[in-house]
Amino acid sequence: MKKEWPLWEIFIRSKSGLNHKHVGSLHATDAEMALENARDLYTRRNEGVSIWVVESKHITASDPDDSDPLFEPARDKVYRHPTFYTVPDNVSHM
Amino acid sequence: MIKYLLQLADNALILGHRLGEWCGHAPEMELDIALTNVALDLTGQARSLYQRVAELEGLGKDEDDYAYLRDAWEFRNALLVEQPNGDFAHTLVRQFIFDAYNYHLHHALTQSKDEWLAGFAAKSLKEITYHLRFSSEWMLRLGDGTEVSHAKLQAAIDNLWTYAGELTTPNEIEKELASHGICPDLSQLKTAIEAKMAEVLAAANVTAPVGAWMQSGGKDGSHSEHLGFILAEMQFLQRAYPGLEW
């Protein structure tokens, strides 16, 4: 019986200076293969300049059931947002 | 010169077509896309070369005329690239042997006295460098994988090695052009190519047959029976509906 290859999460930096962004996942037997598969799957239309791969099992996710205690308290604290400043027009990526 | 460009172009076209046959059939979806990506790189290289040939010949032909309207004996690809896909190990070994040769060839061609060819080689070298990296790593994975993958890899090497020699043995055209500095002297390139192959084979824990008899003839138009079948499939549409366009 065929064993499934492990799952990897792929992060691509679309150009220098920007953050790596999660773009999807794929199967590979090792990190090198994950990089090559990511190159072929996610950068073939010139989407990136850098790739990170992380095996999915190494990612710890928050539990959706905990979202109230985790996120609710921040919702009514509008003063934590920097929205009271004006951002100059020529500042990009804010 | 034209015959030499056709050698390069036909290698790329026929191997590209072979890899394209995996589309929808590769062992994994990721591999399917990887193989067809290499196929597209090669087909693109073939296209540039055919366009250049058309320009040099000046007979008003275009790239499709060379791909679709020549017969088997006019094709100048090496015997290796027309060999059937077989199992994945066979496809991989064929690719690795070709990539090792192709990488060193294009590396040297960037120094060609022919300006167009040097430019073409510099552009293609980036693609080919990745091809070699991809096939080398898969050689290690299969060779160092399970008992089954190791046995399949070794069997593929034993079957295909007889086609490796043609790549590094210059024919009359290559000797002539090498003397003018247009293409590299293959007998000198051979050392680097064989060193790369030996390095990867050793790391993959497999061995090349010693003193194997080497097939030749493809570069001068004498092909195995496989090429005819490839052309039959590839050229059918243009032969049945001449001049048909997308």
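B:Arg141 and A:Asp30 form a salt bridge, with their closest N and O atoms 2.8 Å apart. A salt bridge here is a side-chain nitrogen of Lys or Arg within 4 Å of a carboxyl oxygen of Asp or Glu. The rule finds three salt bridges across the interface of chain A and chain B.

Before going on, a word on the source. This is a predicted model, in which local features need pLDDT of at least 70 and side-chain atom pairs count only at pLDDT 80 or more, while totals for chains, interfaces and linings use all residues. Residues are numbered from 1 along each chain as its sequence is written, chains are lettered from A and ligands numbered from 1 in the order in which they are written, and side-chain values use heavy atoms, with hydrogens and water left out.

Back to the interface. Seven residue pairs, both residues at pLDDT 80 or more, are in polar contact across the interface of chain A and chain B. A polar contact is a pair of N or O atoms within 3.5 Å; within protein, one must be able to donate a hydrogen and the other to accept it, and residues adjacent in sequence count only if both atoms are side-chain atoms.

Which elements of chain A each supply at least two residues of the side that touches chain B? They are β2 (20-27) and α1 (31-42). Helices (H or I, at least four residues) and strands (E, at least two) are DSSP runs, numbered from the N terminus. The largest share of that side of chain A, eight residues, comes from α1(A). By class, the side of chain A that touches chain B has five nonpolar, three polar and seven charged residues. Ala, Val, Leu, Ile, Met, Phe, Trp, Tyr, Cys and Pro count as nonpolar, Asp, Glu, Lys and Arg as charged, and the others, Gly among them, as polar.

In total, 15 residues of chain A are in contact (heavy atoms within 4.5 Å) with 14 residues of chain B. The size of an interface is often given as the accessible area lost when the parts come together. Here the two chains bury about 1400 Å² between them, 47% of it on carbon and sulfur atoms. Buried area is the accessible area (1.4 Å probe) that two parts lose on being put together, summed over both.

Next, the pockets. On a 1 Å grid over the protein atoms alone, a pocket is an open set of points with protein on both sides within 12 Å along at least five of seven lines, a cavity is a set where a 1.4 Å probe fits but cannot get out, and lining residues have an atom within 4 Å of a point. Grid points are joined across faces, edges and corners, and a volume is the space filled by probe spheres set on the points.

The largest pocket holds about 1000 Å³ of space. It is lined by 28 residues, and B:Asp64, B:Ala67, B:Tyr68, B:Met234 and B:Trp246 are the closest to its centre. α2(B) gives the largest share of this lining, eight residues. The lining of the largest pocket has 13 nonpolar, eight polar and seven charged residues.

The second largest pocket has about 700 Å³. Of its 21 lining residues, A:Trp5, B:Trp138, B:Leu142, B:Thr146 and B:Ser149 lie nearest the centre. In chain B, α5, α6 and α7 (147-160) each supply at least two residues of this lining.

Last, the cavities. How many cavities of 30 Å³ or more does the rule count? The count is two. The largest cavity has a volume of about 80 Å³, and its lining includes B:Leu19, B:Phe88, B:Asp99 and B:His131. The largest share of that lining, five residues, comes from α5(B).

The second largest cavity holds about 70 Å³. Among its lining residues are B:Leu8, B:Gln45, B:Tyr101 and B:Phe120. Here too α5(B) gives the largest share, five residues. By class, the lining of the second largest cavity has seven nonpolar, four polar and no charged residues.
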